[in-house]
Each structure stands twice: as structure tokens, then as C-alpha cells.
Amino acid sequence: METVSKKIRVSINKKEQRIDLLQAYGKDIMDSVNFKQSANHAQHGTMSVYHHSINVANYSLAWNHFFRLGAQDKDLIRGALLHDYFLYDWHTTSHAKLHGFFHPGIALQNACAEYELTEREKDIIKKHMWPLTVIPPLCREAWIVTLADKYCSFLETIRIHNRKYTQDVKNSWQIY
Ligand SMILES: [Fe+2]
Ligand SMILES: [Fe+2]
């Protein structure tokens with residue numbers, strides 16, 4: 001896995017190579033039943049939680065290498081993929097207005113139940129809604145995902161990112 005990472009690091013700015021790295025470190029998550037079912041849940045606009053999470057991982061990876069931020073790719077990818085792992089349609093819940101405050105904790109609980117997370121991955125999930133979560137991120141990986149999440153959410157809200165959330169997940173590797 002490390003060999004794949006080194007090879008790809010040479011020119012990570014190409015989308016195809018970021019996809020290779022996403023597969024190397026996050027394929028087990030993206031192929032899982034629970035993660036795939038988030039393709040049926042809208043995040044912002046018409047974007048599904050599934051595609052939103054993959055896009056956040058993609059942008060985090062791109063920024064990490066473009067700006068030479070020195071974050072760990074594996075933690076960055078896995079934390080980004082699981083940052084919204086709350087596994088329900090938040091628009092239909094009774095606490096929809098407070099979703100922003102609650103869902104990082106729920107996502108962390110769900111992710112911990114299925115995966116062995118590093119401290120960095122936990123920090124990414126727990127703090128990605130900062131400043132709502134009050135305590136700021138403690139590692140660079142969590143800062144990158146926090147910013148990439150806000151950037152992607154903005155583009156989804158104004159419909160620049162507008163993948164249909166009912167789209168078949170077979171096309172999931174088509175990232176923005
Ligand atoms: Fe979130
Ligand atoms: Fe998010």
C-alpha cells in the first residue's frame with residue numbers, strides 16, 4: 001500500500017491518480033454496504049452524502065499535495081470518507097435544525113463501531129463542523145477536511161456540484 005502511495009505522490013494533481021490513492025486507502029469503506037446506502041441520502045442540494053464524502057476526500061487530497069501541507073494521506077482519506085457517517089436522511093429527522101451540532105458525534109460513533117480509527121481520523125470526524133464544535137481541530141488533517149467540507153458544501157448548495165443523489169453508485173469514481 002505504501003508503494004502505491006509513493007508512486008502516486010510523484011504527480012498527485014491528476015484526478016486519475018487521486019482516484020488510485022482513494023482506492024488504495026479507502027476502497028473497503030467505499031465498497032461497504034453502509035457507506036453505499038448513503039447514496040440514497042441527500043446532503044446539500046441534489047448531492048448525496050456518498051458523493052459528498054468522496055468529493056471531500058478528493059479535495060482534501062488535492063490540496064494536501066498542491067499546497068504541500070504534509071498531511072498523512074491515509075488518515076486524510078479515511079477521515080474524510082467517514083466524516084459524515086451518520087447513516088440517515090438528516091432532512092427528515094426531528095432534529096434537522098440541530099443536525100450540524102449533533103452529526104459529528106453520531107458519525108464518530110458509527111465509524112468507531114465498524115473501523116479501527118487512528119486519533120487523527122477521530123479528530124477529523126469529531127471536529128469537521130468547527131466552529132460549531134467549539135474546540136478546534138488538533139491536527140493538520142482535520143483542518144484540511146474541515147475546509148474542504150465547507151468548500152464542497154458551498155458548491156453543492158449553489159448547485160455547482162449537483163450529482164443526483166439517486167444516481168447508481170457504480171459511477172461513484174467520477175469525482176469533481
Ligand atoms: Fe458534516
Ligand atoms: Fe460533510
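Start with Pro 131, which sits in the loop between α7 and α8. Keep in mind as you look that this is a predicted model. The peptide bond leading from Trp 130 into Pro 131 is cis, with omega near 15°.

Is Val 134 buried or exposed? Val 134 counts as exposed, because it has 9 C-beta neighbours inside 10 Å and the cut-off for exposed is 12 or fewer.

Now hop over to the loop between α5 and α6, where you'll find Leu 87. Here again phi is near 65°, positive in a residue that isn't glycine. Leu 87 has 16 other C-beta atoms within 10 Å, so it comes out as partly exposed. That label covers the range between exposed, at 12 or fewer, and buried, at 20 or more.

Time to zoom out. Of its 176 residues, 40% are buried. Take the contacts between residues at least 6 apart in sequence: 64% of them join residues at least 24 apart.

What holds the middle of the picture? Look for the largest nonpolar core, which has 32 residues. Ala 57, Ile 77, Ala 80 and Val 145 have the most contacts inside it. The elements giving two or more residues to this core are α2 (15-30), α4 (49-66), α5 (73-82), α6 (99-114), α7 (119-127) and α8 (140-157). Of these, α4 gives the most, with seven residues.

Leaving out residues up to four places away in sequence, Ala 80 touches Ser 53, Val 56, Ala 57, Ser 60, Ile 124, Val 145 and Ala 148.

Take α4 and α5 to begin with. Their axes come within 8 Å and cross at roughly 155°. Since angles over 145 degrees count as roughly antiparallel, that makes α4 roughly antiparallel to α5. The crossing of α4 and α5 is right-handed. On the α4 side the contact is made by Ser 53, Ile 54, Val 56, Ala 57, Ser 60, Leu 61 and Asn 64, and on the α5 side by Asp 73, Leu 76, Ile 77, Ala 80 and Leu 81. Sorted by class, that contact has eight nonpolar, three polar and one charged residues.

Then turn to α5 and α8. How do their axes cross, and at roughly what angle? They come within 10 Å and cross at roughly 45°, which makes α5 oblique to α8. This crossing is right-handed. Asp 75, Leu 76, Gly 79 and Ala 80 in α5 meet Glu 141, Ile 144, Val 145 and Ala 148 in α8. By class, the contact of α5 with α8 has five nonpolar, one polar and two charged residues.

Ala 80 ties the tour together, taking part in the contact of α5 with α4 and in the one with α8.

Definitions and conventions
Residues numbered from 1 in each chain as written. Chains lettered and ligands numbered in written order. Predicted model: local features only at pLDDT ≥ 70, side-chain atom pairs only at ≥ 80, totals over all residues. Core = buried A, V, L, I, M, F, W, Y, C linked by C-beta atoms within 7 Å. Helix = DSSP H or I, 4+ residues; strand = E, 2+ residues; numbered from the N terminus. Contact = placed C-beta atoms within 7 Å. Axes fitted to C-alpha atoms, helices over the stretch in contact; angles between N-to-C directions. Parallel < 35°, antiparallel > 145°, perpendicular 65-115°, else oblique. Left-handed = near helix turned anticlockwise from the far one by under 90°. Nonpolar A, V, L, I, M, F, W, Y, C, P; charged D, E, K, R; others polar.
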